[in-house]
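Please view the sequence and the model before reading on.

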Amino acid sequence: MNNTRFATAIHIMTLLAKSPQEWLTSDWIAGSINVNPVVVRKEISVLREAGLIASRQGKDGGSHLARSAEEISISEIYQAVKNTEVLGKKNQNPNPACSVGKEINVHLDTLFEETDKLVVSFLGNKSLKEFSEQFG
């Protein structure tokens, strides 16, 4: 994942875990992350679709965790925002006349899948509560 989506999502989720009784606004969250609130709203939408966040609109609107932090694994957050392979992207048009080029993507597919399973398994052993307890 060569972008900040996971870092942004885990930041959002950690803030929500630290304030379980409050409805946090995207503006407030954006101030903590130091990004535009539009970025936060986009990720909140993705996390809401994944069933990790509940949101409400209006004067008293905002977001909070849809489940307790103990019940949310870091792998769920990762899978909600993952949009690239851990190892990056494959070359789209390797030379089919080359002995390596004609088969590279088949073998990379396997390598990418195995690596992703390892990452998901590793993160699945960590709860949002455990992660958020590192902060004061």
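## Aromatic pairs

In this predicted model, the count of aromatic pairs comes to 2. One of them is formed by Phe 6 and Tyr 78, whose rings are edge-to-face, 6.0 Å centre to centre and with 75° between the planes. Phe 6 belongs to helix H1 and Tyr 78 to helix H4, so the pair ties together parts that are 72 residues apart in sequence.

The two partners may also be described by their accessibility. Phe 6 has 22% relative accessibility and counts as partly exposed, because buried means under 20%. Tyr 78, at 5% relative accessibility, counts as buried.

Helix H4 spans residues 74-81 and is mostly covered, with 6 of its 8 residues buried. Besides Tyr 78, the buried residues of H4 are Ile 74, Ser 75, Ile 77, Ala 80 and Val 81. The cover over these buried residues includes helices H1 (5-18), H3 (37-49), H5 (104-124) and H6 (128-132).

## The contact of H1 with H3

Helices H1 and H3 are both among the elements that cover H4. The axes of H1 and H3 come within 10 Å and cross at roughly 80°; the two helices are therefore roughly perpendicular to each other.

On the H1 side, the contact is made by Arg 5, Thr 8, Ala 9, Ile 12 and Met 13. H3 contributes Val 39, Val 40, Glu 43, Ile 44, Val 46 and Leu 47. By class, this contact has 8 nonpolar, 1 polar and 2 charged residues.

Notes
Residues numbered from 1 in each chain as written. Predicted model: local features only at pLDDT ≥ 70, side-chain atom pairs only at ≥ 80, totals over all residues. Heavy atoms only, no water. Buried < 20%, exposed > 50% of the residue type's maximum accessible area, 1.4 Å probe, protein only. Helix = DSSP H or I, 4+ residues; strand = E, 2+ residues; numbered from the N terminus. Contact = heavy atoms within 4.5 Å. Phe/Tyr/Trp six-rings, centres within 6.5 Å; stacked < 30°, edge-to-face > 60°. Axes fitted to C-alpha atoms, helices over the stretch in contact; angles between N-to-C directions. Parallel < 35°, antiparallel > 145°, perpendicular 65-115°, else oblique. Nonpolar A, V, L, I, M, F, W, Y, C, P; charged D, E, K, R; others polar.
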